[in-house]
Amino acid sequence: MYDEEVGGVGSIKELAAALGCLQVAPVAGDIEELLALRDRLDAKISDALRAFDALGSWAEDGSLSLAAWLGAHGRRSAKEAHREVLTAKRLCQLPVTAAAWAEGVLSSSQVGAVVANVSAEHASLYAAHEEELTPVLAGLSVRDTAAAMRSWRLHAEATSDGPEPPSRPSELHLSQTLDGRRELSGHLSVEDAAVVEAAIAAAKRDVGPGEGPLPSAAERRAAALVDLCRWFLDNSSSVSSGSRSRPHVSVVVGLKELASGGPGQLANGTPLPARTTEWLSCDSELHRLVMAGRSTVLDYGSTVRTISPALWAALVVRDRHCRHPGCDLPPPWCDAHHVVHFSKGGPTRLDNLVLGCTL
């Protein structure tokens with residue numbers, strides 16, 4: 001029970017002071033106990049968020065929702081804020097699960113598995129079985145908890161009255177990270193996942209002996225996904241007229257920087273290292289863009305240099321496949337690369353071009 005006379009302020013200050021003095025030994029038992037305490041603290045925060053949301057206090061500073069408030073004041077990403085809000089709201093309907101979390105019977109990850117599989121429509125049904133199910137879940141690993149909850153959800157959907165609920169659509173998110181890279185996340189339906197998994201498995205390149213460490217399985221999957229996207233852009237009739245007119249990525253780089261091996265940036269301002277800038281500019285169309293200051297465009301010129309469809313065809317006939325040592329990827333997976341880069345005076349003609357993949 002929250003007492004406004006005493007308030008939570010004193011106890012939070014005590015917790016902050018205790019954390020400042022806490023020394024955690026690199027001992028398995030101590031770390032395990034500390035993780036369990038963090039789960040219980042997560043439960044208390046979630047309980048406070050439920051009350052905070054019910055009071056609508058998040059609107060006092062102009063925030064449009066609890067998730068927006070968490071993003072601004074809790075320094076949460078949109079994904080994290082959405083998850084915490086969903087958990088807080090769902091546990092309003094699942095008191096036994098909430099209590100088990102607060103007592104350390106269920107971990108934060110186990111609670112996440114429950115929330116992910118109990119929809120608002122089925123919350124009352126799950127609440128009716130919480131007393132029986134919670135002790136069973138408590139003895140399971142997170143993976144087994146998720147499997148058990150998926151099984152429960154499927155049974156709940158099968159026995160529910162009314163029309164069958166629509167399947168959850170697949171979603172994909174491509175978010176920029178703090179270091180300028182992109183993080184790919186999302187979820188796929190069973191049938192969509194089967195298609196994607198089969199395509200990535202088919203596109204994964206064989207790894208043979210060579211210099212340097214072998215790529216990990218994750219690195220090979222990422223390379224396969226990029227290859228699939230590259231092949232689609234190069235060959236799909238929806239984006240190509242058959243004349244090898246490629247959709248392009250806009251790279252902004254000064255001519256002096258390009259000639260001297262300097263870095264560039266994408267049109268959205270994302271910095272690119274020098275090696276990537278040179279690679280992207282090798283088989284590309286270059287346009288003159290004269291600026292006054294940082295925002296006023298004075299002149300947008302025509303194509304300066306490109307590899308023509310005829311030259312590409314001649315290159316394919318000559319090289320047949322990627323010319324990297326030991327690589328035989330076919331032309332649709334390759335780009336035309338200058339042996340002597342054009343920014344260093346290399347001509348755009350057959351004797352200065354070679355087929356190369358991105359491996």
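Reader: Why does Asp-47 count as partly exposed?

Author: Asp-47 has 44% relative accessibility. Buried means under 20% relative accessible area, exposed means over 50%, and partly exposed is in between, with a 1.4 Å probe and protein chains only. Since 44% falls in between, Asp-47 is partly exposed. Bear in mind that this is a predicted model, where local features need pLDDT of at least 70 and side-chain atom pairs count only at pLDDT 80 or more, while totals for chains, interfaces and linings use all residues. Residues are numbered from 1 along each chain as its sequence is written, and side-chain values use heavy atoms, with hydrogens and water left out.

Reader: What makes Asp-47 and Arg-50 a salt bridge?

Author: The closest N and O atoms of Asp-47 and Arg-50 are 2.7 Å apart. A salt bridge needs a side-chain nitrogen of Lys or Arg within 4 Å of a carboxyl oxygen of Asp or Glu, so 2.7 Å qualifies. Both residues sit in helix α2, three residues apart, about one turn of the helix. Helices here are DSSP runs (H or I, at least four residues), numbered from the N terminus.

Reader: And why is Arg-50 called buried?

Author: Its relative accessible area is 15%, so Arg-50 falls under the cut-off for buried.

Reader: Let's turn to the rings. Why is the pair of Phe-52 and Trp-69 called tilted?

Author: The ring centres of Phe-52 and Trp-69 are 4.7 Å apart and the planes stand at 55 degrees. Rings of Phe, Tyr and Trp (its six-membered ring) pair if their centres lie within 6.5 Å; planes under 30 degrees apart are stacked, over 60 edge-to-face, and the rest tilted. The centres pass, and 55 degrees belongs to the rest, so the pair is tilted. This pair links distant parts of the chain: Phe-52 is in helix α2 (residues 28-55) and Trp-69 in helix α3 (residues 66-73), 17 residues apart. Phe-52 is partly exposed at 21%, and Trp-69 is partly exposed at 21% too.

Reader: What makes Tyr-126 and Trp-152 edge-to-face?

Author: For Tyr-126 and Trp-152, the planes are 90 degrees apart and the centres 5.1 Å apart. That angle is over 60, so edge-to-face it is. Tyr-126 belongs to helix α7 (residues 123-138) and Trp-152 to helix α8 (residues 142-159), 26 residues apart. Both residues are buried. The structure holds two aromatic pairs.

Reader: Which element gives the most to the nonpolar patch?

Author: Helix α2, with six residues. Patch members have over 30% relative accessible area and no salt bridge; like charges are joined within 9 Å, and nonpolar side chains (Val, Leu, Ile, Met, Phe, Trp, Tyr) within 5 Å. Leu-37 is one of the members, and it lies in helix α2.

Terms used. Helices (H or I, at least four residues) and strands (E, at least two) are DSSP runs, numbered from the N terminus. Accessible areas come from the Shrake-Rupley method with a 1.4 Å probe; for residues, only the protein chains shown count as cover.
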